[in-house]
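Please examine the sequence and the model before reading each solution.

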Amino acid sequence: MEGKSQFICGVVEGFYGRPWSMDQRKVLFEWMQRWGLNTYLYGPKDDLKHRLLWREVYSPEEEGQLRTLIVEAQSRGLSFVYALSPGQDIVFSSACDLTLLKRKLKQVSDLGCQAFAILFDDIDHSMCQADSEAFSSFAHAQVTIANEIYRFLGEPPVFLFCPTEYCGSLCSPSVSKSPYLQTVGEDLLPNISVIWTGSKVISRKLSVDCLAEVESVLQRRPLIWDNLHANDYDSRRLFLGPFKGREPQLRGHLRGLLLNPNCEFEANYIPLHTLGCWYRAGEEERKDEEYDYCADRALSVALHDWMDELNQPLQPGRQSKQPEQRSSAPAARSKTPDRADRPPHGRGSSAVAKPLPVFPLNPGSPPSSPAKGEKQGHPGEENKQPDPPPPIPSGGGSRQKAQGRGLCGGKGLLSESQVRLLVGLHYLPHEHGPSAQKLLQDLTWLKTHCHLVCANGKKAPPQKVDEWRGRASRFLSLCEDVAELHCSVVGGVNRAVLYDLYPYVWDLRNTALVAKAFVCWLDGRVLGDSSALGSWRNCFHWCGTTTGADLLGVESEPWVFKGGVSGEVQMLLPIGSSTELFTHPPPLFPTSRLYNVRPYHGKDKVELYRIVRQLHIRTQGGMDCSVAHPDVIGDRCLGACLALCPEYSFILEDELGACGCVLGVLDVRSFIKRCQATWMPAMRDKYPPRAGASLPYAQNLLQLMEEDQGEYPDSLLYHFPSQLRLDALPELVDISVSRTLLTALLAALKANGSQGVFCEVQPTDRQRLEFLTKMGFLEILRGEARSREGVVLGRLL
């Protein structure tokens, strides 16, 4: 940095969550030098000695690491700004606290740091009694400390001050009339720069008028702490889009701009690349050369460069290959403070814990053991017939099998179209990319016009039906692309990218699986107004009549609506308000298998019977009681549902075939009557009593079926009119796909009016009970329906 007038532009590591590693920061400095940025601010919220334990000095080992980081930044031509956040518990009038503050900053200064920041963001405005007696206002107390520290450090060329009112929405009563900001503007020494985030904590745009207003109050040009790409307030959101909404002409009203990016280091390539382009555009303008910053053009250039980065064989965390070269930031050894101590949102945004999955170092997918890894194969697969085509393409299953595809991700390279899809699905907090817009628009249209293909409504004109199915086909194709993107990320050569991006592509993959299965189910299965339990029209408020994009608006903060694209797709489903169905930790071992969830077809019956027979053999210790009657297990467990209400059955399949199923009954009362009238007589004919038969299980089948169709108390069926059964092979690596399968059924049941569902579990079937308990949204209520069994209940309100 040369002098006090140079425009500050760079990166602030100021988010809540696990700080970046030393190796990642070194890569960051290399990027910044390459793209012309000039400043790095060190202020990770979860470095205990930055915020919670700010009074403690760094140990000799930590000093060495911090010195190395400062020297590395300076060798790249970057200004290293050290930030301290003492505001949570500092006593402004305490001479002891002032001495400790000076000691801490003097230690960092002695390490070679020449630029500093003191931050008072995300803290309570109240003062203790001693401070109230010593200072006329909260702002006066902060300004006094900042001025004192600035002088103590020898009036460094870069000294930043972050006020507690750091954006327009936090100012009381307004920016121009805020007594707090007026005190800061009048009393803070003129060469101290004031940090500002814009009209909001996360500002969609920065305008000249708003900046001119705050500049007038502060009596200096503000420095923007830009949270455009910050994602620490929502564990399901990631922002890969370009730097946008800040015209280069704003530079004349700013001291500088520092971008506070994604917590995940590898997610910041495009944001920082385009920030560098924005900064250089401003430099060209100052030289009176024609150069206009275009976010879309900058994105294309950055995306092209990122392609080379994505297909490099980089190790997780950008760790050095030599163990002795590995190092971590001082904060990396610190434990994360309790999230309850943090504000609900702020300049670092929010305090939402990010999932931190642990992946195997081997770039291959999961372990090879059948108990912990993927299936080695399904018995009888060589005789399996392909699925018949549904009314609209069912997605992942039949089409991809017809192509004879194997495990995905073999090449280990991401295509340009996949990277564009990845960016478009994780774009910006106030704006979706093209692929996300198309996904949401098509799903909204299909939901709104589902009456065209309902099961019992008026017959729609053929051209309208064709239009619906054409839009559905396009939607399903995009969902398949999302699934293939997921497996390509998992199977890619860049493990650093996998570690950082996997939880997000995995979450969106699961949401897309549910949405795709639901759209397939809508064609010919959704009921009209004549449903006894309700109607699709009455279910519209369950599906969310307002999308997240509408909720956000220009004037709202992004955390108003959680989940990003995944959350908006979720809200368009009948069970969209059941957030717990869609939020669960990613699997320990990522798998690159392609999964598909789809409605049941008649030819699936043989495969499903084989699955439940296989599961029964395992629970019975290897005894196969179905040799003489191969259908005996399937008929008891699945037969009635598949025969009487197949429209509420869904299949889970991978590349090897069906590996799970979930069967539902919409109205248990009417189902039991139908069973007694039609199903049980058919079973009596199929399994007639035989004297001296060698298979007592088959002989007792009718008695067991009769017990299965016993009476349920009205108190149960009033709140939980529907029933389900879930079966999945235990070799599944990613248990979340079973949860996704279950969610697809629940969406179908609720779309046709159900408000609750139950699942019976035999007391001896601990494996099934534990599996259903893991679903997270179910409440275990043993013995409520019948004392000899457990009943798992789930509300769909």
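**Exercise 1.** Determine the handedness of the crossing of helix 1 and helix 2, then describe their packing and their contact.

*Solution.* The crossing of helix 1 and helix 2 is right-handed, a term used if the near helix is turned clockwise from the far one by less than a right angle. This is a predicted model, in which local features need pLDDT of at least 70 and side-chain atom pairs count only at pLDDT 80 or more, while totals for chains, interfaces and linings use all residues. Residues are numbered from 1 along each chain as its sequence is written, and side-chain values use heavy atoms, without hydrogens and water.

Next, take the geometry. Helix 1 (residues 22-35) and helix 2 (residues 60-75) pack at an angle of about 15°, and their axes are 9 Å apart. Helix 1 is therefore roughly parallel to helix 2 (angles under 35 degrees).

Finally, identify the contact (heavy atoms within 4.5 Å). Helix 1 contributes Met22, Arg25, Lys26, Phe29 and Gln33, and helix 2 contributes Gln65, Thr68, Leu69, Glu72, Ala73 and Ser75. The residues of this contact comprise four nonpolar, four polar and three charged.

**Exercise 2.** Is Gly491 buried or exposed?

*Solution.* First, locate the residue: Gly491 lies in helix 13 (residues 462-491). Then apply the cut-off, since buried means under 20% relative accessible area (1.4 Å probe, protein chains only). Gly491 counts as buried because its relative accessibility is 15%. In the protein chain, buried residues make up 58% of the 797 residues.

How values were computed: Axes fitted to C-alpha atoms, helices over the stretch in contact; angles between N-to-C directions. Helix = DSSP H or I, 4+ residues; strand = E, 2+ residues; numbered from the N terminus. Parallel < 35°, antiparallel > 145°, perpendicular 65-115°, else oblique. Nonpolar A, V, L, I, M, F, W, Y, C, P; charged D, E, K, R; others polar. Buried < 20%, exposed > 50% of the residue type's maximum accessible area, 1.4 Å probe, protein only.
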